[in-house]
Amino acid sequence: MELSKTELLERTLAKEKAAREQAEKTLNEKTSTFTHLSQELQKENTRLKNLLDKKALELKGVFSTILDAHIVMDIEGNVLKMNHAATKLLGYTLKDKPFNLLQLLAEEYRDYTFEAFGDLYKTGAYKNYQAVIITKNKERKRIQVNASLIYDHEGKPIAAQGIARDITRETQMKALLEEQKKQLNIIVENSPIGIALSDRKSKGLLLVNKAFCTMLEYEHDELKSLQIKDFTHPDDMAATVVKMQEIQKGEIDHFFLEKRYFTKSGKIIWAKTSVTAVREDSGEIKYQIATIEDITPQKKASNALEESNNRLSTLILNLQSGILLEDENGKIVLTNKQFCKQFGLEENSNALIGYDFAALAKKLIDKFENNQNIISRVETIISEKKRVLGEEIELKDGKILERNFIPIFQEDSYKGHLWSYEDITLKKKYKENLQAQKEKYSRMITNMNLGLVELDTEEVVLFANQSFCDITGYSLDELQGKKARDFLVTDPTYQSPSTRLTGSWELKITTKNKKQKYLLVTRTENYDVNKNLIGYIGITLDITVQKNLELQKESLLKNLEKQNEQLNEYAHIVSHDLKSPLHSISALISWTKEDFSEHMKKESLVNLELIEGKVEKMNLLIENILKYSSIDKDNIQNAPIDLNSLVEDALGMIFIPENIQVSVLNTLPIINADATRIQQLFQNLLSNAVNHIEQPKGLVEIDYIEKENHFLFSIQDNGIGIKKEYYKKIFTIFNSLGNNEKSTGIGLSIVKKVVDLYEGDIWLESEVGKGTTFFFTLKK
Amino acid sequence: MTNSLSILLIDDDMIEIMKVNRTIKSLGLSHKIIEAHNGEEALEILSKKDRLPDLILLDLNMPKLNGIEFLTILKEDDVLQYIPTVILTTSMDYKDVMACYKIGIAGYILKPLKYEMYMQKLKSVLEYWSINELIKA
């Protein structure tokens with residue numbers, strides 16, 4: 001605006017100046033013509049005089065038409081003639097008294113004026129003389145003068161004439177204009193907003209300010225050959241072009257656009273761009289002024305804000321809690337998927353925006369369990385506008401939701417509220433389950449037969465259950481806060497490891513009524529939720545009864561062992577004591593026979609032999625009883641035995657009559673057993689077989705088959721055979737079948753005992769008169 | 001050449017002593033038999049030490065000091081422990097055999113029932129010891 005006003009002023013001034021110059025020019029031309037003519041007239045006097053008059057008249061007419069002051073003065077500067085405008089300019093008139101122009105000059109212009117006069121004399125004319133004069137009214141006026149000399153007939157200068165113009169105001173105006181232009185430049189140059197001016201004719205930018213250069217990182221001169229569109233980001237090009245076309249068509253004079261530019265270094269800046277068209281009267285565009293303002297930081301911030309807004313909306317939309325945001329008028333502003341899901345709404349969460357909450361609540365009412373109070377409760381909450389957290393509400397479909405209400409205030413003014421719903425069905429059920437479990441275990445602990453005691457790290461009793469109290473005879477009060485071990489355990493030597501804190505062991509305690517009890521204790525560490533040791537939990541089982549039984553059993557066993565040992569010893573002593581007299585009798589009979597055989601009758605000798613036989617049988621009996629009693633598990637020494645050589649040894653111990661053939665049909669195995677016992681076994685069976693053969697040709701066969709878990713042996717004879725009713729009986733002690741002198745009835749009992757020792761079986765097959773086969777197995 | 005032995009026979013049974021004596025006599029041997037009827041008596045005889053026996057025949061089952069107890073005392077004596085001692089018994093008890101060998105014996109003879117067989121065994125023992133080199137006092 002400022003600019004156009006100035007422009008207008010300038011234009012007016014220019015017009016004035018042009019008109020004046022035209023007038024001056026005209027005047028000068030005329031004057032010179034006049035001068036020339038007057039020289040001609042000197043030669044042709046008469047004719048010229050007439051002409052002069054005529055010309056003078058003409059000149060007068062010219063003078064009168066000049067608007068500016070016209071002054072004619074002599075060489076000394078005394079004014080000869082001046083027009084009305086001159087009178088007005090100087091304030092003096094010729095009527096008052098003659099005055100000299102030079103005297104009006106301001107002091108500082110004197111020298112300059114003398115020089116100007118000098119020039120005027122030399123050249124005959126002087127243009128654009130400027131000086132300040134002081135008028136009659138003491139006004140200082142700046143004048144501009146164009147002067148020329150007037151010559152006489154002989155070409156001598158006689159006078160000078162000049163046209164003076166008051167340029168005081170013009171100069172002031174010019175100075176003002178200059179000042180304004182300077183100010184404008186300062187503003188433009190220092191503006192933080194980039195400014196660029198371009199016109200239709202030139203290709204580049206006519207004018208750019210510093211800010212514009214800085215923003216786009218170009219040097220001032222570089223921009224002279226560039227256009228705005230050269231820096232425009234391709235994505236914004238289309239929008240720019242559309243707007244520019246509108247301007248070109250004259251539809252608009254001005255537009256704003258937020259667009260991106262590339263700087264010289266390739267950086268992208270966002271700028272608020274304003275383009276203004278300055279048009280000619282014809283409507284054609286003269287200038288385009290573009291201002292750009294760097295809004296990159298704001299743009300970045302706003303992008304970031306938008307992004308964070310988007311993130312927030314996505315977050316809310318997908319939140320596991322149902323969200324419902326209302327404005328102060330009860331209109332839904334925001335809700336999410338989870339909310340719709342929780343209440344079984346089929347609408348998209350966006351569809352609910354703008355919906356009235358009260359209307360929605362009425363629609364949802366049937367979904368609630370115990371729904372009589374729901375609406376009123378909601379109304380109360382909303383009217384109180386206070387934060388409500390963790391209210392449980394139950395839905396008809398079994399879901400349990402936890403509802404929170406958060407009112408929203410902005411600078412103390414109520415802006416709406418937020419409802420959030422969290423599905424706590426699982427949590428709730430889990431809690432209930434946990435509670436039920438806890439109760440179950442509490443009941444078990446209270447009612448179980450096991451004593452339970454909780455100790456701290458110093459082994460001080462924190463809690464004991466009823467069973468523990470029953471076992472110890474102390475009440476909970478008497479136990480709590482005490483180190484129970486100190487008064488319960490009266491026999492610390494009994495198994496109780498005072499240094500061990502966890503594990504299982506037995507304790508011998510004394511109850512309150514001084515009864516001895518045995519407890520089996522299992523103790524484990526007790527940790528808190530942070531895995532810090534806070535003590536121990538001991539479970540005790542009253543094993544007094546079992547322990548007493550065990551102790552009883554132990555002492556019984558010990559007794560038994562002792563008795564067994566005594567019995568064994570006794571057997572040996574008895575056998576010795578029985579054998580000694582037999583040996584004596586045997587010796588004595590032998591000596592009697594030896595000493596008196598010649599004097600005795602034959603019958604007496606037979607009797608003595610009978611006595612010897614009975615003594616011998618008795619001795620054998622005693623020896624066999626001893627053997628039988630010594631077969632037991634504690635008395636065997638197992639080692640690998642080759643049965644082939646063992647059987648050979650056994651046969652060597654037996655008297656085998658010549659009519660009896662004993663053969664081993666198979667190679668016998670090597671077994672792990674006690675050689676003495678196994679030899680007894682074979683020896684007894686073989687001697688039984690040999691002794692019970694009455695056939696003229698006796699046959700005894702030993703055979704063996706290896707089975708998966710045991711060895712199966714058989715000893716077959718062609719002897720007298722055994723009746724079926726005796727199959728079992730023969731294995732019991734003192735049951736002899738035959739009348740054999742040597743038979744004691746113990747042999748097979750020993751066999752059975754050895755077979756039993758090696759977890760085997762023994763049985764027989766027999767036919768009276770034909771023979772017997774004994775089978776027996778020994779475990780591998 | 002066989003040695004004539006001095007033998008300390010320790011047995012409480014009179015007939016057993018008779019058996020030894022009769023055997024030596026019937027075999028026509030010149031061994032000298034010193035009789036002791038129990039361990040105590042035997043220790044008394046040995047305590048004189050002037051004429052120690054070449055061989056001891058020891059029964060196990062005896063009143064007062066029994067065979068094993070006697071043997072233990074004998075083997076603790078610096079001098080007496082070198083007298084070879086042969087057990088003459090009816091006990092087949094494994095424990096007895098083991099105990100005797102552990103303390104230190106020169107033989108363990110089981111007395112058979114029949115006198116003929118007894119004679120046979122005793123003959124072998126005496127023959128064996130009479131050809132042995134012995135420590136003479």
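1. What share of the contacts in chain B with a separation of 6 or more is accounted for by residues 24 or more positions apart? In chain B that share is 67%, a contact meaning heavy atoms within 4.5 Å.

2. On the basis of the note: this is a predicted model, in which local features need pLDDT of at least 70, side-chain atom pairs count only at pLDDT 80 or more, and totals for chains, interfaces and linings use all residues. Residues are numbered from 1 along each chain as its sequence is written, chains are lettered from A and ligands numbered from 1 in the order in which they are written, and side-chain values use heavy atoms, with hydrogens and water left out.

3. Chain B contains five helices and five strands, which follow one another from the N terminus as β-α-β-α-β-α-β-α-β-α. Its radius of gyration is 14 Å, close to the 14 Å that the globule rule gives for 137 residues, so chain B is as compact as a globular protein of that length. Helices (H or I, at least four residues) and strands (E, at least two) are DSSP runs, numbered from the N terminus; the radius is taken over C-alpha atoms, and the rule is 2.2 Å times the number of residues to the power 0.38. Along the principal axes, the C-alpha atoms of chain B fill a box of roughly 35 × 35 × 25 Å.

4. Of the 137 residues of chain B, 47% are buried. Here buried means under 20% relative accessible area, exposed over 50%, and partly exposed in between (1.4 Å probe, protein chains only).

5. Chain A has 21 helices and 27 strands. With a radius of gyration of 74 Å, well over the 28 Å that the globule rule gives for 780 residues, chain A is more spread out than a compact globule. Its C-alpha atoms fill a box of roughly 245 × 70 × 55 Å along the principal axes. Buried residues make up 38% of the 780 in chain A. Among contacts in chain A between residues at least 6 apart in sequence, 48% join residues at least 24 apart.

6. The contact between the chains draws 20 residues from chain A and 19 residues from chain B. The area buried between chain A and chain B is about 1,900 Å², with carbon and sulfur atoms giving 56% of it. On the chain A side, His576(A), His583(A) and Trp591(A) lose the most area to chain B, together 35% of what that side buries. Buried area is the accessible area (1.4 Å probe) that two parts lose on being put together, summed over both.

7. Thr540(A) belongs to strand 20 (residues 533–542) of chain A and is buried at 3% relative accessibility. Leaving aside residues up to four places away in sequence, its contacts include Leu450(A), Phe468(A), Ile471(A) and Leu519(A).

8. Two residues deserve a look for their backbone angles. Most residues other than glycine have a negative phi. Asn128(A), in strand 3 (residues 125–134) of chain A, has a positive phi near 55° and is partly exposed, with a relative accessible area of 46%. Glu459(A) also has a positive phi, of about 65°. Glu459(A) sits in the loop between strand 16 (451–455) and strand 17 (461–464) of chain A and is buried, with a relative accessible area of 11%.
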